[in-house]
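Subject: Structure for your files, with notes on aromatic contacts

Hello,

Here is the structure I said I would pass on. My notes on its aromatic contacts follow below.

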Amino acid sequence: MANTSEYIQVEKVALRLITRAEQCTSGLSRKLQKRGYDPDCINKVISDLTEKGLLNDSRFSRFWLQSRIRLTRSPRRLLSSLCARGIDHDDAEAVLKEVLNEEDVEFTMLVKFVKKYGKKAGSEPRFLKYMLKNEGFSLTAIQRFLGEE
């Protein structure tokens, strides 16, 4: 591992980045690597910050989803975007499920999606159902929208 002064420097930069905006472990690691710091030192700093609760991928995911959910067209796209940011697929899926269940967020998102893209499915409900399922909407939300509850 790098020396103590490098550790302090890496930690200082990491804390400054965390102070500006919520970070995920992989994103913070990439930012620190771009600055040329030693990978072992980066891993140690990230481990320590995670242990202290200053760095938390679930918290990052929740904040990120809440800021993007109204701009994104489907749950599938949100999930793939989180995974592209280095969030574990299962963790991303769990947080997405939580956020979508809050205050009818998923249903509102589904209605917006149908208004924008529903014509592609034609007038046949089964095609619309297939399209919505393919975009990652839950069967419960789809059935509610189609009046099949």
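Phenylalanine 145 is partly exposed, its relative accessible area being 29%. Please keep in mind that this is a predicted model.

Searching the whole structure gave three aromatic pairs. In one of them, phenylalanine 107 and phenylalanine 145 are tilted, with 55° between the planes and 6.4 Å centre to centre. Phenylalanine 107 belongs to helix H7 (residues 105–117) and phenylalanine 145 to helix H9 (residues 139–146), so this contact ties together parts that are 38 residues apart in sequence.

Another pair is formed by phenylalanine 113 and phenylalanine 137. Their ring centres are 5.6 Å apart and the planes meet at 55°, so this pair is tilted. Here too distant parts of the chain are linked: phenylalanine 113 is in helix H7, while phenylalanine 137 is in the loop between helix H8 (125–134) and H9, 24 residues apart. Both phenylalanine 113 and phenylalanine 137 are buried. These two rings also belong to a cluster, in which ring pairs link Phe113, Tyr117 and Phe137.

Two arginines are placed over rings as well. Arginine 144 lies over the face of phenylalanine 107, 3.8 Å from the ring centre.

Regards

Methods:
Residues numbered from 1 in each chain as written. Predicted model: local features only at pLDDT ≥ 70, side-chain atom pairs only at ≥ 80, totals over all residues. Heavy atoms only, no water. Phe/Tyr/Trp six-rings, centres within 6.5 Å; stacked < 30°, edge-to-face > 60°. Helix = DSSP H or I, 4+ residues; strand = E, 2+ residues; numbered from the N terminus. Buried < 20%, exposed > 50% of the residue type's maximum accessible area, 1.4 Å probe, protein only. Lys NZ or Arg CZ within 6 Å of the ring centre and 35° of its normal.
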